[in-house]
Amino acid sequence: MTNNFTMLAQNSDFDYVRQACLAAMSIHATNKDVSICLITNNSVPTKYKPLFDHIVEIPWGDHAADEDWKISNRWKIYHAIPYNETVVIDTDMLILEDINSWFDFLKNYDLFYTSNVYTYRGELVDDNYYRKAFKKYSLPNLYSGFHWFKKSDLAHEFYTWLEMITNNWQQFYKAAGNGKKFALRPSMDVSAAVACKIMDIEHLITNSKVKNPTFTHMKPKVQNWDVNFAYRWQDRVGVYFDSNLSLKIGNHQQSGIFHYTEKDFLNNNLMKKYEKCLGI
Amino acid sequence: MTKGVLLFASNNKSIDYVKQAIFLAKRIRKYMDLPTSIVTDTDIESMYPNDVDVFDYVIYSNDMNKNSTNKRYADGDFSDKTLKFNNKNRASAYDLTPYDSTIVMDTDYIISNDLLNNCFIQQKDLLLYKDATHIGIHKIVPEFEKVSDTSVDFYWATVFFFRKTEENKIFFNLISHIEENYIHYRNMYQFKTSVYRNDFAFSIAVHIMNGYQKGNFVGSLPGTKFYATDKDVAIDIKDDEIKILVQKNKRLGEYTGVNLKGSNCHIMNKFSLERIIDQ
């Protein structure tokens, strides 16, 4: 049984397609029997094309043409994929181990968002910095960096709401914030939370009692550091990636899915290590 | 299967750890009904002829003050002394213990109940305290949470339980290795103090045994580990009741009286502990 992964990548001043290629290499390095779909309007370098089983154009034009942080096409994922079911991951993620068993769990759901993420030390993130609005306005604590859906009535309705929220985010966020503006720009996490709240389906699409599926979230302010002056986590802890593609951050071995968040984490050395491992 | 408590005691010029060990061994017998053995470099038969019988075995070691470091010992807010700190020997507990199942305690741990007897019925072969509660309750000490801000979880080596297993042999060998290469591990795990701390060596060893991740190699000792710092002053111990003056936060020389009854407690102010023993 093939398990499907989907990413959406749109280049701006940064090469997100390259990030997606690295993520795809990390999937192939650790997981067998997978199919990967990349949704993009950008060209994919020839040598990386075989990483993807499907390269799909963003449908219905580019709604994020004028955006630096291009998220206005994300709602189209549901309609663009060639699969009946898929995991959707952000491009700035590395899959560090075989997660095929997670799919056995996910298949119980029409739509699933992870609501627990962890620090590099394996501690549950209690995000009082980036997610103040989630707590203040009782929004479901969803992380869109890793989610799953089956083509189903529930997922279709959810993505339809996501489309409306994305296209009218100021109004929806204001309503969710009891009339107060709490965001300067849209975010997929907030939009997913608002859609979830409108549909009142938190109990159907997440499960805070399970450890997996999840990911390690490397935003610096959620790492439970007492001294929190760092703007970049890479300024505080070392990155040790060996030739077997085993990753240590500081003193801690990483596993599962690693959401590195900082763009310069991706460098030529890292690309080459994966390329060498996969014979690219 | 034999079981008992093992203590380590190496005196420096101001602190009589053997005297503390005798005091503790009597309490272990009273509250836990367990035999206590001691590892020491002091001639106990000569120096404490009336008390030597409190020990099941007296194990003499010549290695106790090898590579000892200096440490500042406080006695409340206004007094301190820099003294030799002979603590590099906990790793030898595995080889030296006369018991199949052993609880190792620092001599400044005051036993007032039998809670730790539950160690012997636990499935885990190694038990430590990861968390501890200051008797002032509200005090949170970051250095007792993590080895350093970006590094690994802190475990207390003040009291621990182990069975003689092959896995634990590796664990104690690893502690020896960390002790011998302490500067390297200090750099790797980003802690500032150069004074060797068993707590740090144990914490690092647990982390490594867990595969450099959070894991379940070690179990938790039963009950709560209470402690008083060396800025607090113990003033009386009567049966299972300990009276301690707890330093007030940011108010130099001011204390709050705390009465602890029926709970074990780690008294870090060794001077005040000795004053009580001498009473």
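A residue is classed as buried if 20 or more other C-beta atoms lie within 10 Å of its own, as exposed if 12 or fewer do, and as partly exposed in between, with C-beta atoms placed from the backbone. In the predicted model described here, local features need pLDDT of at least 70 and side-chain atom pairs count only at pLDDT 80 or more, whereas totals for chains, interfaces and linings use all residues. Residues are numbered from 1 along each chain as its sequence is written, and chains are lettered from A and ligands numbered from 1 in the order in which they are written.

Tyr48(A) is buried because 20 other C-beta atoms lie within 10 Å. Tyr48(A) lies in the loop that joins β2 (34-39) to β3 (54-56) of chain A, strands being DSSP runs of E with at least two residues, numbered from the N terminus. Between Tyr48(A) and Met25(A), the C-alpha to C-alpha distance is 8.8 Å, at a sequence separation of 23 residues.

In chain B, three strands form an open antiparallel sheet in the order β13-β14-β15, where pairing requires at least two DSSP bridges between two strands. Five bridges connect β13(B) with β14 (residues 241-247) of chain B in the antiparallel sense. Asp236(B) has Lys243(B) in β14(B) as its bridge partner.

Between the chains, 12 residues of chain A contact 12 residues of chain B, a contact being two residues whose C-beta atoms, placed from the backbone, lie within 7 Å.

Terms used:
Helix = DSSP H or I, 4+ residues; strand = E, 2+ residues; numbered from the N terminus.
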